[in-house]
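Subject: Structure for you to look at

Hello,

Here is the structure I promised to pass on. Please open it first, then read my notes alongside it.

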Amino acid sequence: MSKQYSIEFAVKASTELQAMDRLKDLGVKHADEAKLTDLDRQAGLFIINTSISEDEMPDDIYNKISKAKDVFILSDQLSESRGHEVFKLALQVERQLKKLLICVLPETEKVLMDIVSTHQKHNTRSIPTGRIEWCKKIHDFSFGEIPSVLEKDMSQLARDKLNTGEAMLLLITESKDFDDLKLRAETLFEAKTIWSSINSILEKPVQYEHISGALNKIIKARNDAAHQNTITKKMFDETKKNQKHITSYISGIKSTYR
């Protein structure tokens, strides 16, 4: 027997029979088989609890219900089950991207605090003084903030800092000679994103544009699941496909130890 999921509907109708018939019209099987314990009335709406299998609740029924002005899904175990799987898929991507941000700390550390100040909504004002503290600071990025971090142009941040005499003096001090100073200055005018640093340590380098669309879709699906929005089979399947696409590139890192 197929696994059964409890789905609770709120229906605007004159009687409970009309409410059950309305759900049947939308394709909800067994709606007219609801027992007295499955029925309630609150706020002028009939509350109907049904038990249904995944095969009996295809995406087209979800789409019909979402367009209906007299029916609303109050709770949905099938969507919740898919949402939990979406969380797991999103977590794998989020965890690996944060690990990659940690791996490129030697190259990004000087500008990372500027990125934190701009994009990290929940953070403390403390400035990390060691790599472990930086690990914690990177961990504080939300999944939704990560694309903005990956797209950030580090060279632009460095150029902005040159407006201060202290930064210019530091650039001159760190340069070995005039040619080295000239090279460093020229490098500052070459766009270099956080992703470009990450890309250099991947076993399978990939342009950010090739995975950005999939990444944003996974973030949206994760947010939909977090806010109890309906997760259809199509959305779940697309999330699995997008997760597999991204993971195929970001999972392999060049090791400096082995």
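**The second largest pocket**

This is a predicted model. Its second largest pocket has a lining of 23 residues. Those nearest the pocket's centre are S79, Q228, N229, T230 and I231. The space inside comes to about 510 Å³.

Which element gives the most to this lining? It is strand β4, with six residues. Helix α2 (59-67) and helix α3 (77-103) also take part, and each of these, like β4, supplies at least two residues.

What kinds of residue line the pocket? Eleven are nonpolar, ten are polar and two are charged.

Strands in a sheet pair through backbone hydrogen bonds, in a parallel or an antiparallel way.

Take the pairs in turn:

- β1 (residues 4-11) and β4 are antiparallel, with five bridges. Here E8 has S75 of β4 as its bridge partner. F9 has I73, also in β4.
- β1 and β3 are antiparallel too, over eight bridges. V11 is partnered by F46 in β3.
- β2 and β3 run antiparallel and are joined by four bridges. Q42 stands opposite L45 of β3.

Look closely at the turn of the β2 and β3 hairpin. Two residues lie between the strands.

**One aromatic pair**

How many aromatic pairs are there? The count comes to one. The partners are W195 and Y208. Their ring centres are 5.7 Å apart and their planes meet at 50°, so the pair is tilted. Planes must be under 30 degrees apart to count as stacked, and over 60 to count as edge-to-face.

Where do the two residues sit? W195 is in helix α10 (residues 194-199). Y208 is in the loop between α10 and α11 (209-226). The pair therefore ties together parts that are 13 residues apart in sequence.

**Where to start**

Begin at β4. Then step across to β1, its antiparallel partner.

Best wishes

Conventions: Residues are numbered from 1 along each chain as its sequence is written. This is a predicted model: local features need pLDDT of at least 70, side-chain atom pairs count only at pLDDT 80 or more; totals for chains, interfaces and linings use all residues. Side-chain values use heavy atoms; hydrogens and water are left out. Two strands pair if DSSP finds at least two bridges between them. On a 1 Å grid over the protein atoms alone, a cavity is a set of points where a 1.4 Å probe fits but cannot get out, and a pocket is an open set with protein on both sides within 12 Å along at least five of seven lines; lining residues have an atom within 4 Å of a point. Grid points are joined across faces, edges and corners, and a volume is the space filled by probe spheres set on the points. Ala, Val, Leu, Ile, Met, Phe, Trp, Tyr, Cys and Pro count as nonpolar, Asp, Glu, Lys and Arg as charged, and the others, Gly among them, as polar. Rings of Phe, Tyr and Trp (its six-membered ring) pair if their centres lie within 6.5 Å; planes under 30 degrees apart count as stacked, over 60 as edge-to-face and the rest as tilted.
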